[in-house]
Amino acid sequence: MDLIDLSQTAELLALPFVQTALAAGAVLALLAGLLGPLVVGRGMAFATHGISELSFAGAAGALLIAGTAFVGVGALVGGILVAVIFAVLSTRARANDTVIGVVLAFGLGMGVLFQSLYQGRTANKFSLLVGQIVGVDSGQVIALAIVGAVVAVALVALYRPLLFASLDPDMALARGVPTRALGIAFALMLGTTTALGIQIVGALLVLALLVTPAAAATAVTANPVVATVLSVVIAEVAVLGGIILSLSPGLPISPYVTTIGFVVYLVCRAIGAVRLRRSGRRETQGGTPRPEPVA
Amino acid sequence: MERGTRRLWSDLDLDVSQGEFVAILGPNGSGKTTLLTMLLGLLPPAAGEVLVDGRRPQRGSSRVGYVPQQKALDPSVPLRGRDFVGLGLDGHRFGPVFGRRRRERRDRIADALHQVGAEAWADAPVGRLSGGEQQRLRIAQALVGDPDILLCDEPLLSLDLAHQGVVIDLLDRRRREHGTAVLFVTHELNPVLPVVDRVLYLVDGRFRVGTPDEVMTSETLSELYRTSVDVVRVRGRILVVGHENVPVHHHGEQDDVVVSSFARS
């Protein structure tokens, strides 16, 4: 069986459910790409993993107790609740790794329990972990688009103080930035994005979308605006490319999306390393003036 | 001033004039940093008034610049030098910046970078810069709002002697050329001694204000610490010597006789 096979891709792309999946993927990639550089800047990769596992547990719990229709609500409750708890418990901008580890393990355990007890279709179970993008309906795409618009507007309004509080929390506090309130606002955005993400691409892939593109982007640029744009572009390429490549072989999208993201990340790291070595060489040759001692 | 249930000090009356350089000294827990927190408008005094240029300090006011201790930033922080300086100008303001304000912002950042001579690394990632380079950007970040007063909280800590000199020189030039007052919290008076106009020495709720010659005497410090303390001057430096368990030394050593931290060890 060929992992790369485009023989039926063109036909499949014409199908409405595939187009819905692409639309959902595009909006999700936009959201994840926008939030990613702040997730990376705040050192919240692990926290994001915790949030997605707890969102998964919430979705699995809702599926067990209330049925398929309430999976989205369960995911939102789980994701937002935990994101806010992490934000409140974190000292300054950094989340507490130990607390996250403890909560994550418990959440995953609960999720597995809920899934084992669930008597319905097994496809519903598996999809929360690895995603079920072809099962996305247009209602979900609209919900996603609304959340995407709200988060984008909030991000523009909060951007500078949020960046300040995320990257230089002590100084931001001294300048009167409400770092704690901004941390909670960010947790709400992150929790909502994660909850929507796990229903589409699954709990495992949410992490890949929120962290990998931003990590790749920040490896090649220190300009925060360029990093955000680049992070969105990389997330889009990974998600849309992943969906398209997965169509013909009929495999899950996860391996394709994560592989594209990972390859881009490696390339960006290599570019960053080469640049760093070059600027280092210039310094030793005396090209970059160093601060001259005045004592 | 009270913090929690403890009264840190009372009846402190300090008028700082334009361009004055005031060093704030005292052992840990004497309320040096708390004083700066009040001037930043983050903490109201329990009684009395704190005024900057006749007005109560506002959170995030551009009239007050703040230079913290040098603390390494994460190498992966997605900020260039100029973005970092820009956060000092409007990092606390919400909403996007467009048009004329955007150009104005760019010019002010460029000017602040020029004032501290940091143009060369304005576009480098801040996390990759040396401690001295980062601390210059910190000063640019404090100066970009064109402040009337600069609050410095141990800005020399963890810098080598050469970079300490750069920082002191920049602060001294700023107050001479722009009349910006400097309040400088420090454990070590000697590096700034040549530029200090007055010293505020805080110990356990007691304090003394005056020129270094007035405050840094055996008599005054013995009174403040309520125990015998010797102040000696050697080669233009001031050394403070106390006895066991006397918190004259500020680094927490517990030797029998301690030559205090005013001397660089």
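## Contact between the chains

In this predicted model, 28 residues of chain A are in contact with 33 residues of chain B. On the chain B side, the elements that give two or more residues are α2 (81-90), α4 (131-143) and α5 (161-178) of chain B. The most comes from α5(B), which gives 7 residues to the side that touches chain A.

By class, the side of chain B that touches chain A has 15 nonpolar residues, 10 polar residues and 8 charged residues.

## Packing of α7(A) against α9(A)

Within chain A, helix α7 (residues 138-167) and helix α9 (residues 179-200) have axes that come within 10 Å and cross at roughly 155 degrees. Angles over 145 degrees count as roughly antiparallel, and α7(A) is therefore roughly antiparallel to α9(A). The crossing of the two helices, α7(A) and α9(A), is left-handed.

From α7(A), the contact is made by Q140(A), L144(A), V147(A), V151(A), A154(A), L158(A), P161(A), L162(A) and A165(A). From α9(A), the residues that make the contact are T179(A), L182(A), G183(A), A185(A), F186(A), M189(A), T192(A), T193(A), L196(A) and Q199(A). Divided by class, the residues of the contact of α7(A) with α9(A) are 13 nonpolar and 6 polar, with no charged residue.

## The nonpolar core

The largest nonpolar core has 158 residues. Those with the most contacts inside this core are L28(A) and L209(A) of chain A, and A140(B) and L151(B) of chain B. Helix α10 (residues 203-220) of chain A supplies the largest share of the core, 13 residues. In soluble globular proteins, nonpolar side chains tend to be buried together.

Leaving aside neighbours within four places in sequence, L28(A) is in contact with L144(A), L196(A), G197(A), I200(A), V201(A), L209(A) and V239(A). Among these partners of L28(A) are L144(A) and L196(A), which also take part in the contact between α7(A) and α9(A).

## A proline in a loop of chain A

P252(A) is found in the loop between α11 (224-247) and α12 (254-284) of chain A. P252(A) is buried, because 20 other C-beta atoms lie within 10 Å. Apart from neighbours within four places in sequence, P252(A) is in contact with V130(A), G131(A) and S246(A).

T194(A) is 58 residues from P252(A) along the chain, and the C-alpha atoms of these two residues are separated by 19 Å.

How values were computed: Residues numbered from 1 in each chain as written. Chains lettered and ligands numbered in written order. Predicted model: local features only at pLDDT ≥ 70, side-chain atom pairs only at ≥ 80, totals over all residues. Axes fitted to C-alpha atoms, helices over the stretch in contact; angles between N-to-C directions. Helix = DSSP H or I, 4+ residues; strand = E, 2+ residues; numbered from the N terminus. Parallel < 35°, antiparallel > 145°, perpendicular 65-115°, else oblique. Left-handed = near helix turned anticlockwise from the far one by under 90°. Contact = placed C-beta atoms within 7 Å. Nonpolar A, V, L, I, M, F, W, Y, C, P; charged D, E, K, R; others polar. Buried ≥ 20, exposed ≤ 12 C-beta atoms within 10 Å, placed from the backbone. Core = buried A, V, L, I, M, F, W, Y, C linked by C-beta atoms within 7 Å.
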